[in-house]
Amino acid sequence: MNTVGKAIPRIESDDKVTGFAKYTNDTESPRLLHGVLVTSTYAHAELEAVDIAEALQLPGVIAVVTGKDNPVLTGTVLADRPPLAVGKVRYFGEPVAVAVAENEHTAALAAALVRVKYKPLPVVNSPRDALLPDAPLIHEKLGSYVVYGDAYPVPGTNIGNHVKIRKGDMQAGWAASEMIVEEEFAFAPSDHAAMEPRCSIAEAMPGGQIHIETSTQDPYIIKRLFERYFHVDEKNVVVHVPFVGGGFGGKGSIQLEYIAYLASKACGGRPVKINNTRETDMVSSPCHIGLQARVRLGATRDGRLTAAKFTFWFDTGGYTDQGAVVTKAGAVNCTGPYRIDNVWCDALCVYTNHPYATSFRGFGHPEAHFCMERTLDLLAKRLGMNPLELRQRNAIVPGDTTPTQAPLNRSNIGDFPRCLSRLKELIRWDGGQVLRVSEHRIRAKGMAGVWKTSSAAMESGAGAIVTFNHNGSMNLSVGAVELGQGNRTIMGQILAERMTVPVEQVHVKIEVDTAVTPEHWKTVGSTSTMMVGRAVLHAAADAEEQLKANAALVLKRSPGELALMQGKVVVRAEPGIGLPFAEIAAGYRRPDGSMIGEPVIGRGRYMIHHLSLLDPETGRGVPGPQWTVGAQAVEIELDTREFTYRILRAASVFDAGKVINEGTARGQIMGGMSMGLSFASRETFQFDKAGVVLNPQLRTYKLIRFGENPEYLVDFVETPYAEGPYGARGIGEYGTIGMAPALANALSLAAGVELNRLPLTPELIWRYKGGSR
């Protein structure tokens, strides 16, 4: 291949490093108004009054909008959240009102003048507490909420969704178990910490059209939900997405778009921009889900897994949003990439008074994998078995089935045993798991298996359009959002490879404009390369057919005798005879000036087939088209006096099917590994007893810093996925998934205690070693 597999520099790199790239907050206009949110200072309280009179008297203030003015309920699969709080607030930082003024400074002053009178209510600070018999109900009217899709709320409780997985015969599985381990795990919600805070601009035009410019991963879903909740014809909703400065799932929810729209309506249709501060972005907009869990695992004495029972209590915060779907995703792959014939899983999406949850890189899998992979290490210790050998013995392979009983073959599952073998070499596992460096320093290695499917919606699909310039170069338009992952470069490579031209001959449109850009389901789930790539190939094939038809008129050959070669249409048997794209892409001009043929416009589409909804009682079904598998490891050095540690090396091996861009693939995995290690080692929201977030700023919310990163080792296995472009699978999220359990497994070994809570701070290790818990 000439282009696919090569490390082509990202096409938007120059724009970004020179500052030319424009993001939503860069948009300004003379008519633009600015909105600033008024947010709750309580985690759970009745709204007795919202006094906006003083704020409205401030010069330059145009409007102050409250939830009482717009009592609509929104949500992806369960409509439970008002854009602005109505009746009561359910988490600290919840938007109560939005002040709109001629400039952002005045809007902020007005927001500070809004007087809110609260009546505090009892606070639920964990999902387990939310299920106690005397726990206050966070949504008293849960039974009346409209459900869209496969969500199963339990009225009269704090359960927003209940997902069940039932596979095999649990009684027989436990009877065959000669060794059983059981453990509990927990971690609190955290933040996505994307470089660009969320920002949205909405203009409710007098003619009924709504223009939205926003930092989002879901432009086409925005159109659908505006029609659903505001009864606006979808054709009148136009969403524009420029560059997005990172998302990691956090921009896969719709929040500021709704509020900006309501504000614009209140201001006579003038455009309103709402740009989150970092603090607001962290606690008012949706966050990374928390979890409490219990895992029970059975095996024979020689390490064959016989039964597994999982109970997940996901902390979805004050509203379900994507938390209901994350709960499902965590359940469907609860076992990790291992064959277990008898599986029981109850995954509950539980309301608490924490910031509400949405998608996070890995979508339920980093959370579920932490529990499963830690339990596997506990089992290995009880069995006296090497943890990598235990995983090899139970590795999922073609012919096995998933927890939802989806059948697996070489194409859709790839080669997990080969990933384990390569990881063993990469991390030098045979050199020993534990090494005492000095009296107070111990080095240790931990590892984890990884798998994930996309949990795609039934209607998941993508489109692509290819047009030609008069010099023969091509323009490509696709609906996936470029949010830093490099999908535009990959789409250019796929088109260039298929059309036999250098990638420099392909111009890929960066921005998404839903009025003209072909639709893509969502830019989530590591699906862009697979779905959009297939649409690009389909568009290329359509363009090739049209090019051949034009060339056939000139060359007096049938289209079947022609082929593409280095930017030309040539006679297959005589490659010296042919026409460059430049001469035929807009039709062919004869020597006398007349035209024959037609302008070439390649149209492509792709939709995932063979998916099915899960049975609500057994979980049986096909939740995704394919599973990407892999293995990860971490090596640490622990100071046994202070319980501080250094992460020395982190390794990943994934079955990518086919690596399209070797450079961006490695970058994606490394970035995911860094994010996973940061989440595992330090990132968390700290709550007081009243549910208030104590660290809503980057000064106190600790991210992994430059210079703290370990050596990253990344490699790939390639088992082609039949449906993927050139065999490619999704890999965008996978670097994150196994980092937390791999780190915890290494530290547990070095410290001599089982570490089952995140983040893995020195204080936590000290407490487990004998300090107060």
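Predicted model: local features only at pLDDT ≥ 70, side-chain atom pairs only at ≥ 80, totals over all residues.
Reader: Is Lys522 buried or exposed?
Author: Lys522 lies in the loop between β23 (512-513) and α15 (528-555), and, leaving aside residues up to four places away in sequence, it touches Gln217, Asp218, Ile221, Gln322 and Thr527. Its relative accessible area is 9%, and because the cut-off for a buried residue is under 20%, Lys522 counts as buried.

Reader: At what angle do helices α17 and α19 pack, and is α17 roughly parallel or oblique to α19?
Author: Helix α17 covers residues 662-681 and helix α19 residues 739-751, and their axes lie 8 Å apart at an angle of about 55 degrees.

Reader: What is the handedness of the crossing of α17 and α19, and how do the residues of the contact divide into nonpolar, polar and charged?
Author: The way in which α17 passes α19 is a right-handed crossing. On the side of α17 the contact is made by Met673, Gly676, Leu677, Phe679, Ala680 and Ser681, and on the side of α19 by Met739, Ala740 and Leu743. By class, the residues of this contact are seven nonpolar, two polar and no charged.

Reader: How many residues apart in sequence are the parts that the pair of Asp150 and Lys328 ties together?
Author: Side chains of opposite charge can pair when their charged atoms come close. Asp150 forms a salt bridge with Lys328, with the closest N and O atoms 3.0 Å apart, and Lys328 is buried at a relative accessible area of 14%. Asp150 belongs to the loop between α4 (127-130) and β7 (159-167), while Lys328 belongs to helix α9 (residues 323-332), so the pair ties together parts whose separation in sequence is 178 residues.

Reader: Which residue forms a salt bridge with Asp715, and where in the chain does each partner lie?
Author: In this salt bridge of Asp715 and Arg422 the closest N and O atoms are 2.6 Å apart. The pair links distant parts of the chain, 293 residues apart, with Asp715 in strand β32 (residues 711-717) and Arg422 in helix α13 (residues 416-426). Arg422 has a relative accessible area of 26% and is partly exposed, and the partner asked for, in helix α13, is therefore Arg422.

Reader: What kind of peptide bond joins Leu758 and Pro759?
Author: Most residues other than glycine have a negative phi, and most peptide bonds are trans. Pro759 is placed in the loop between α19 and α20 (762-768). For the bond that joins Leu758 and Pro759, omega is about 0 degrees, and the bond is cis.

Reader: What is the phi of Gln405, and where does this residue lie?
Author: Gln405 lies in the loop between α11 (387-393) and α12 (410-413), and at 24% relative accessibility it counts as partly exposed. Although Gln405 is not a glycine, its phi is positive, at about 70 degrees.

Conventions. Residues numbered from 1 in each chain as written. Heavy atoms only, no water. Helix = DSSP H or I, 4+ residues; strand = E, 2+ residues; numbered from the N terminus. Buried < 20%, exposed > 50% of the residue type's maximum accessible area, 1.4 Å probe, protein only. Contact = heavy atoms within 4.5 Å. Axes fitted to C-alpha atoms, helices over the stretch in contact; angles between N-to-C directions. Left-handed = near helix turned anticlockwise from the far one by under 90°. Nonpolar A, V, L, I, M, F, W, Y, C, P; charged D, E, K, R; others polar. Salt bridge = Lys/Arg side-chain N within 4 Å of Asp/Glu carboxyl O.
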